[in-house]
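My notes follow in the order I looked things up.

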Amino acid sequence: MDGLAGRVAVVTGGAEGIGRGIALTLAAEGVRVAIADIDLRTAELAVGELRDAGVEALAVRVDVSDPAAMRAFAERVERDLGPVSVLCNNAGVMLDGTLVESTPEDWQWVLSVNLMGIVHGVSAFVPRMRERGEPAHIVNTCSMAGLAPRLAGGLGIYSASKAAAVAYSEMLRAELAPSGIGVTTLCPSTVNTRIWSASRNRPTEFGEGRPVPVPERISAALEPEQIGPLVVRAILEDRAYLYTGADMRSRIEERTARVLADIEHE
Ligand SMILES: NC(=O)c1ccc[n+]([C@@H]2O[C@H](COP(=O)([O-])OP(=O)(O)OC[C@H]3O[C@@H](n4cnc5c(N)ncnc54)[C@H](O)[C@@H]3O)[C@@H](O)[C@H]2O)c1
């Protein structure tokens with residue numbers, strides 16, 4: 001994509017954390033930004049910061065797991081801000097616990113946000129992008145947990161949801177290439193956000209949430225504001241993958257070696 005100034009972007013889960021950081025960097029590039037978040041009060045604070053940066057911005061309360069809400073959001077954004085050419089499907093949640101003891105509601109909640117939230121974002125916005133035939137870009141926030149899950153700890157459901165999001169994003173990139181729409185699979189390693197207390201956003205119909213213990217090395221993690229500039233570069237360069245963090249290569253190599261070991265035994 002040639003330049004971002006004057007374009008319109010959507011960031012789901014943009015009220016805080018990585019999404020807020022992406023939104024602020026886009027605004028600094030002169031992009032008008034619409035935030036969709038389940039937490040409207042915090043999203044409005046972020047929109048205040050975007051307006052202070054000199055761009056038009058909009059916050060709407062949207063649960064990304066609701067396809068009708070995402071379609072209505074797309075309608076509203078394009079009416080109020082103009083045609084969307086950058087879509088950042090970023091909203092995500094995490095929970096702690098073993099796979100064996102997990103409940104169907106645990107799975108429904110995490111998959112409905114981490115996987116179906118991306119699916120609904122694409123279904124709501126991409127037909128509009130395709131119809132216009134102009135350059136566009138999608139960034140799906142997945143995770144290193146989806147490519148090279150840490151085998152210790154209780155992030156089984158989260159890792160499964162992110163592995164699905166990675167596969168979805170890779171397939172989407174191939175599917176949309178002929179339309180001139182790029183897709184970046186964003187795989188952050190640990191970032192210092194409130195994802196560990198994501199159960200604050202767990203709807204009551206899914207039962208009690210379980211906060212995740214904050215990782216011991218959180219002080220060595222990136223700050224969310226460091227991710228936005230990397231995302232902007234990935235959009236401009238149409239990068240297929242974006243990894244953030246120092247341990248990327250070793251994690252992927254270790255996972256690949258584990259996968260290949262059994263091929264070598266055949
Ligand atoms: N923090 C990390 O270490 C890390 C690492 C890899 C990937 N990620 C991913 O980055 C993304 C952003 O997470 P973060 O770390 O900034 O966490 P965060 O909790 O700071 O931000 C998540 C945002 O998503 C919103 N949200 C939650 N459920 C929603 C829903 N159903 N509909 C709309 N909005 C919803 C929250 O209100 C919040 O604003 C997530 O997809 C997460 O899985 C985070």
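**Arg-32.** I started here and found Arg-32 touching Val-8, Val-55, Glu-56, Ala-57, Leu-81 and Gly-82, not counting residues up to four places away in sequence. Contact here means that the C-beta atoms of two residues, placed from the backbone, lie within 7 Å. Arg-32 sits in strand S2, residues 32-37. Helices (H or I, at least four residues) and strands (E, at least two) are DSSP runs, numbered from the N terminus.

Buried or exposed, this Arg-32? Arg-32 is buried, with 20 other C-beta atoms within 10 Å. The cut-offs: 20 or more other C-beta atoms within 10 Å of a residue's own is buried, 12 or fewer is exposed, and in between is partly exposed, with C-beta atoms placed from the backbone. I also checked Arg-32 against Ala-246, 214 residues apart along the chain, and their C-alpha atoms are separated by 31 Å.

**Ground rules.** I am working from a predicted model: local features need pLDDT of at least 70, side-chain atom pairs count only at pLDDT 80 or more, and totals for chains, interfaces and linings use all residues. Residue numbers run from 1 along each chain as its sequence is written.

**The core.** Next I looked up the largest nonpolar core, which has 77 residues; Ala-9, Val-10, Ala-23, Val-33 and Ile-35 touch the most other members. Helix H5 (residues 116-132) gives the most to this core, with 8 residues. A nonpolar core is a set of buried Ala, Val, Leu, Ile, Met, Phe, Trp, Tyr and Cys residues joined through C-beta atoms within 7 Å.

I followed up on Ala-23. Leaving aside neighbours within four places in sequence, Ala-23 is in contact with Val-11, Gly-14, Val-33, Ile-35, Ala-46 and Leu-50.

**H1 with H2.** Ala-23 turned up again in this helix pair: Arg-20, Ala-23, Leu-24 and Ala-27 in H1 meet Ala-46, Glu-49 and Leu-50 in H2. By class I get 5 nonpolar, no polar and 2 charged residues in this contact. For the classes, Ala, Val, Leu, Ile, Met, Phe, Trp, Tyr, Cys and Pro count as nonpolar, Asp, Glu, Lys and Arg as charged, and the others, Gly among them, as polar.

At what angle do H1 and H2 pack? The angle is about 20°, with the axes 9 Å apart. Axes are lines fitted to C-alpha atoms, for helices over the stretch in contact, and angles run from 0 to 180 degrees between N-to-C directions. H1 and H2 are therefore roughly parallel to each other. Under 35 degrees counts as roughly parallel, over 145 as roughly antiparallel, 65 to 115 as roughly perpendicular and the rest as oblique.

**H1 with H8.** The axes of H1 (residues 17-28) and H8 (residues 227-236) come within 7 Å and cross at roughly 60°, so I logged H1 and H8 as oblique to each other. The contact residues split into 8 nonpolar, 3 polar and no charged. On the H1 side I listed Ile-18, Gly-21, Ile-22, Leu-24, Thr-25 and Leu-26; they meet Ile-227, Gly-228, Pro-229, Val-231 and Val-232 in H8.

Asp-238 lies in the loop between H8 and strand S7 (241-244). I flagged Asp-238 for a positive phi of about 50° although it is not a glycine. Asp-238 is partly exposed, with 16 other C-beta atoms within 10 Å.

**H3 with H5.** These two pack at an angle of about 35°, with their axes 8 Å apart. The contact residues divide into 6 nonpolar, 3 polar and 3 charged.

Within H5 I picked Val-122. Val-122 counts as buried, with 23 C-beta neighbours inside 10 Å. Leaving aside neighbours within four places in sequence, Val-122 is in contact with Ile-138 and Leu-172.

**Ser-143.** With 27 C-beta neighbours inside 10 Å, Ser-143 counts as buried. Beyond four places in sequence, I found Ser-143 in contact with Lys-162, Cys-187 and Pro-188.
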